[in-house]
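This report goes through one protein model, element by element. Please look over the sequence and the structure before reading on.

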Amino acid sequence: DSSRRQVLLVPLFIPKTDGAELAIKIVTYRKSAPPADWATNEEKSISLTESAARKLLAGLRDHLRVAQEAGDGSYLVIRVSEGTANLGEHDPKAVATALMRVLSKNEIVEHLADTELSAELLSAFRGAIRLSEMRGAVATLRQLLDSGAKSEQVFQAWCEAHTWAFGSAYVMRDDIREISPGDHLDLLLPTVISGYRDVVELKRPDMAVLHYDESHRNFYFSADVSRAIGQCHRYLDVLHEVAAQGLRDHPEIVAYHPRSIIVPLR
């Protein structure tokens, strides 16, 4: 309502079999000089169906979000029909972060599976997801170590889920761990190139790795490490012997001069 005009929103409830449809009419009145009755001087009007009114509501909500942001903002407009946008002075990193937030919305995620993505976009997504997974896994491992957890099973579960931690040569693990009666491995990993198996032996965080010899001023392996080395020597000998032509009942598991990785969880 201003000194010269008044704008009214008139709701129109249209009966339907399953309720009522809400349409709206926006009417503008021009005020006449007093004492004339300005309310009767209709200037123009526009009618909106319920569908159009809902779009107007959605648009107002979007723009209100912009208005409610603290301080000045920078916004990127994307032409939906063509999927193009001019980055202008926008920081590519900020644009990527904003797009990821949009793509994470449930109503968009539901349609991504049915969308044919380009090879470049798929490669970028895979790389970003992989990096995010690795960062999350490392953060989880740090939390486990900082918490003082000493259970070998806890760290074994982490290693089983993230075999990439032992190098790019390993991308998966075997479910089989018993290579002979009494010889039960922590992890049995196939190499990417040859498929031959290597052994991973985990040791608890509370086990010492090195001691310092004050008289000779040098470090030396602790008894725990010596035992672990001896244990792995046996595993390597047994695995090479029983799996040279394929492990019994599991011919796909083959070992040829296997190597061992001892992991002190510290």
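## Helix H4 and what follows

Gly-148 comes after helix H4 and has a positive phi, near 85 degrees. H4 itself covers residues 119–146, 28 residues in total. From its first C-alpha to its last it reaches 41 Å, close to the 40 Å expected at 1.5 Å a residue.

## Confidence

The model is predicted. Its mean pLDDT is 83, and 94% of the residues reach 70 or more. Among the elements, helix H3 (residues 106–112) has the lowest mean pLDDT, 78, while S9 has the highest, 94. Where pLDDT is low, the predicted coordinates should not be read in detail.

## Nonpolar core

The largest nonpolar core consists of 14 residues. Those with the most contacts inside it are Cys-159, Phe-166, Leu-187, Leu-189, Val-200, Leu-202 and Val-263. Two or more residues each come from H4, helix H5 (152–161), strand S6 (187–190) and strand S7 (197–203). The most come from H5, which gives three residues to this core.

## Nonpolar surface patch

On the surface, Leu-210, Tyr-212, Phe-219, Phe-221, Ile-229 and Ile-262 form a nonpolar patch, and together they have about 580 Å² of accessible area. Strands S8 (210–213) and S9 (218–221) are the elements that give two or more residues to the patch.

Leu-210 is found in S8. With a relative accessible area of 46%, Leu-210 is partly exposed.

## Salt bridges

Side chains of opposite charge can pair when their charged atoms come close. The whole structure holds 12 salt bridges. One of them joins the side chains of Glu-43 and Arg-5, at 2.9 Å from N to O. Glu-43 lies in strand S3 (residues 42–48) and Arg-5 in strand S1 (residues 5–16), so this pair ties together parts that are 38 residues apart in sequence. Both residues are partly exposed: Glu-43 has a relative accessible area of 28%, and Arg-5 has 33%.

A second pair is Arg-54 and Glu-50, whose closest N and O atoms are 3.1 Å apart. The two residues are four apart in helix H1 (residues 50–68), so about one helical turn separates them. Arg-54 counts as exposed, at 56% relative accessibility.

Arg-234 forms a salt bridge with Asp-183, with 2.9 Å between the closest N and O atoms. This pair links distant parts of the chain, 51 residues apart: Arg-234 is in helix H6 (residues 223–242) and Asp-183 in strand S5 (residues 183–184). Arg-234 is partly exposed at 48%, whereas Asp-183 is buried at 3%. Elsewhere, salt bridges that share partners join Arg-5, Arg-30 and Glu-43 into one network.

Notes:
Residues are numbered from 1 along each chain as its sequence is written. This is a predicted model: local features need pLDDT of at least 70, side-chain atom pairs count only at pLDDT 80 or more; totals for chains, interfaces and linings use all residues. Side-chain values use heavy atoms; hydrogens and water are left out. The expected span of a helix is 1.5 Å times one less than its number of residues. Patches are made of residues with over 30% relative accessible area and no salt bridge: like charges are joined within 9 Å, nonpolar side chains (Val, Leu, Ile, Met, Phe, Trp, Tyr) within 5 Å. Accessible areas come from the Shrake-Rupley method with a 1.4 Å probe; for residues, only the protein chains shown count as cover. A salt bridge is a side-chain nitrogen of Lys or Arg within 4 Å of a carboxyl oxygen of Asp or Glu. Buried means under 20% relative accessible area, exposed over 50%, partly exposed in between (1.4 Å probe, protein chains only). pLDDT is the predictor's confidence in each residue, from 0 to 100. A nonpolar core is a set of buried Ala, Val, Leu, Ile, Met, Phe, Trp, Tyr and Cys residues joined through side-chain atoms within 4.5 Å.
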